[in-house]
Amino acid sequence: QVQLVESGGGLVQAGGSLRLSCVASGNIFSINAMRWYRQAPGEQRMLVADINSGGTTTYTDSVKGRFTISRDYAKNTAYLEMNNLRPEDTALYYCNAFLRTRGGVYSQNYWGQGTQVTVSS
């Protein structure tokens, strides 16, 4: 059993900052990548940022220079530091981990329940 729990969402004014956290727990052998996705009402879920086991990061263009993804490997935790937030960043933010469980042969994707981020203008 693997659980991903996000926290840190909330309501913030445009130009403000939030820091999201995602803790992965349970029967984990190794985590390959951790990612943050977001889904706005009426839109498809989209990848925001990704960090692999080596620490390489990628970002969608709209958040480059404003968002920073990081990991604490010892704590199986990923963070998303979001600065200079805009109303268009409003969405439900989901954590995703591509990981292998103990006794598992292949890595699989696991998802958290999401944390709401609302940016007011």
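Q: Before we start, how do you know what to trust here?
A: This is a predicted model, so local features need pLDDT of at least 70 and side-chain atom pairs count only at pLDDT 80 or more, while totals for chains, interfaces and linings use all residues. Residues are numbered from 1 along each chain as its sequence is written, and side-chain values use heavy atoms, with hydrogens and water left out.

Q: Why is S21 called buried?
A: Buried means under 20% relative accessible area, exposed means over 50%, and partly exposed is in between (1.4 Å probe, protein chains only). S21 has a relative accessible area of 16%, so it counts as buried. S21 is in strand β3, residues 18–26 (strands are DSSP runs of E, at least two residues, numbered from the N terminus).

Q: What makes C22 and C95 a disulfide?
A: A disulfide is a pair of cysteine sulfur atoms within 2.5 Å, and the sulfurs of C22 and C95 are 2.0 Å apart. C22 lies in strand β3 and C95 in strand β9, so this pair ties together parts 73 residues apart in sequence. Both C22 and C95 are buried.

Q: Why is the disulfide of C22 and C95 called left-handed?
A: The torsion about the S-S bond of C22 and C95 is about -80°, so the disulfide is left-handed.

Q: What makes E81 and R19 a salt bridge?
A: The term needs a side-chain nitrogen of Lys or Arg within 4 Å of a carboxyl oxygen of Asp or Glu. For E81 and R19, the N to O distance is 3.7 Å. The pair links strand β8 (E81) with strand β3 (R19), 62 residues apart.

Q: Why do E81 and R19 count as partly exposed?
A: E81 has 29% relative accessibility, so it counts as partly exposed. R19, at 46%, is partly exposed as well.

Q: How do you know that D50 and R35 are buried?
A: D50 has a relative accessible area of 11%, so it is buried. R35 has 19%, so R35 is buried too. Their side chains meet in a salt bridge, 2.7 Å from N to O.

Q: What makes D89 and R38 a tie between parts of the chain?
A: Their side chains form a salt bridge at 3.0 Å, N to O. D89 lies in the loop between β8 and β9 and R38 in strand β4, so the pair ties together parts 51 residues apart in sequence. Salt bridges that share partners join R38, R66 and D89 into one network.

Note on methods: Helices (H or I, at least four residues) and strands (E, at least two) are DSSP runs, numbered from the N terminus.
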